[in-house]
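My notes follow, entry by entry.

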Amino acid sequence: MTFEKYTGEYGPHSMQEGLRPLYEKVAGADQNAPSEFKIKDIYCFYDQKHGMEPTAAISFGIVLDSGPIIKRAGVMGGISTGKEEPNTRKSIGDAIAFFNSNVKAHFKGLNVSQADEITNKIIDLDNQFKNSDPDPNRPPFSFIGSEISVGISMICAMAFAERLGVPLEIVLNYRYNKYCINNQLSNEIRPITIPINYSVVWEGGKHGAALTLQKMVDEKIITDTSEFPEKFWKGDENGEPVLLAMVPPQEVQFMVFTPTWGQAREIGIKLTTDYKKRLKKRGIDFKYGAESGCTANHDQTHTTNGELITLELILDILKEATEALDENERKYVKWALDIASSEMYIKEIDKYYIGPSAEKNIKSDSEKTGSGLVNNEEFTRYKMKLFKDYPWFISVEDWADESKMEHWEDAKQIMPYMIQMGDDNVVSNARLIKDFHEVQNAHLQKPNQSAEEQAMIAAVGTSHQLGNVVVFSHRGTRPADEDYTATAAMAMSGFGGKWTLWGIGRGALITAMNQVDELYNRGPYANVKVPYQGELVLDPNGPYQQGWIMRLRKEIGN
């Protein structure tokens, strides 16, 4: 295989100069489209979702003209509450049948070294299917199915990397820099980095224990039901019960801002292990939720000691575990809260459900109702009190309901000193990231929401251009061996990665970070450094100069 001379315009970054021969290989194939990278066959098949339940997932495989590819692409499917999020097919079986009948033939003969070729074919097919769809107003990639589009995109990139003999993170870093520089999203090369781990320790919201309104009344948790819409008694339009979360915010996470990933991992494991012990000692019979964090088992409402399980109780236990760390470990630990406000919002009455115990903490005696319902002003007061009472919080996600732009205005007051992250409102979409840029300084990046590689790169590049940070996240419906999300986060200089440390089914994501750390920082490559984002955060001359960074450095002591 012969290559034209590559001048390094798309990588590597100067701190990774020792990887230049690998970038030259990627660039040469990108320029010349060698025939051995043509697709002979592409296929998808049933896989198994991570975790304890025997639930189906979907994976993709590929055969090139030069032979089969060993790597498979386990897809992080599923759909959240985001209204602009691309839809999946109705089921795994439907996705496989639709792919076999309508999609796979169109990719035979395409070249996996040509990212534009793969992207353009996905977009072209999605538009074709849209023209005959009874609901053409759905988001892009809904018509081919987002699990199909992202699966094709993933396996083609993996096949290119494997057959070329280059790690996937280098292929994706090259493609990220090329797209961003050529589309005026950046004028500089971004390095491969290891993200801050947003580790989920508690799952509330609809991921955790959730009860009907009647059950909440029977348990004497809710005492005033006068404002609740009829659906909470009779069910939704499909007759399914409408549930209320015992701990309404969806997730509590922690991060460790040490100079190295190895230090962060060890502190994180220590904190996670101690936290679980303290939950049990406090009388919480937890199980593992969709994100492998702890959550109340069997809709448990009270501890075995009779305490009502609330967010404040969960945070008090995390506070105990955090304070039990050695001082030189504790100073690096910060917390994050995924509020998932769209799940808490009840549009019929324009209020949020935070639970009666939380309501009592923010209302005067004359205002208290016992319903757990609050208006937007009270919802903001509730969040601000949480951040004051638990000063470890430095990151918050999904501040308000995605459809209530006026509710997002209140988020501006925390942006100077906290990470304010969008998820359901922007759904990893470059256009929406621009629309919400005044009320967020970060976004959650899910590969399946972007639905294909170049749309993902556009979303991440747009966030970086705006001066935001990007936190990557997988989906709970992924197969256990899916590691593409972590690899993409590292390749695109993602600030964070939201997956549970020491959690069931998350080993592949953590292992991908461990492997990159070992391969490049202690491996055979000279003149190569792949920094942990904690080091970049702590460096006063580093790339981050936002207000919340200054707060973090001050609190850590840098």
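I looked up an open sheet of 3 strands and found the order β12-β13-β14, with antiparallel pairing. Strands here are DSSP runs (E, at least two residues), helices are runs of H or I with at least four, and both are numbered from the N terminus. Two strands pair if DSSP finds at least two bridges between them. The edge strands are β12 (345–346) and β14 (373–374), and each pairs on one side only. Strand β13 (residues 351–353) meets β14 in the antiparallel sense over 2 bridges. I found Tyr352 opposite Val374 in β14.

I am working on a predicted model, where local features need pLDDT of at least 70 and side-chain atom pairs count only at pLDDT 80 or more, while totals for chains, interfaces and linings use all residues. Residues are numbered from 1 along each chain as its sequence is written, and side-chain values use heavy atoms, with hydrogens and water left out.

**Entry 3, β16 and its partners.** Which strands does β16 run parallel to? I found 3 bridges joining strand β15 (residues 393–397) to β16, in parallel. A further 2 bridges join β16 to strand β17 (residues 442–445), also parallel. Gly422 stands opposite His443 in β17. The chain gets from β16 to β17 through helix α15 (residues 430–435), and this β-α-β crossover is right-handed. Right-handed means that, with the strands pointing away from the viewer, the path from the first strand over the helix to the second runs clockwise.

I then checked burial (buried is under 20% relative accessible area, exposed over 50%, partly exposed in between, with a 1.4 Å probe and protein chains only). In a regular strand the side chains alternate between the two faces of the sheet. Both faces of β16 (residues 419–422) are covered: Ile419 and Met421 are buried on one side, Gln420 and Gly422 on the other.

I picked Glu397, which lies in strand β15. Is Glu397 buried or exposed? Glu397 counts as buried because its relative accessibility is 1%. Its side chain makes a polar contact of 3.1 Å with that of Lys498. A polar contact is a pair of N or O atoms within 3.5 Å; within protein, one must be able to donate a hydrogen and the other to accept it, and residues adjacent in sequence count only if both atoms are side-chain atoms. Leaving aside neighbours within four places in sequence, Glu397 is in contact (heavy atoms within 4.5 Å) with residues including Asp338, Met421, Asp423 and Lys498.

I located Pro416 in the loop between α14 (405–408) and β16. Its C-alpha atom is separated by 9.3 Å from that of Asn441, 25 residues apart along the chain. Leaving aside neighbours within four places in sequence, Pro416 is in contact with Gly547 and Trp548.

How many residues of α18 (residues 484–491) are buried? I got 8 of its 8. Among them are Tyr484, Thr487 and Met490. What covers the buried residues includes α4 (146–164), α5 (168–182) and α17 (453–465). Ser493 follows α18, and its phi is positive, near 55°.
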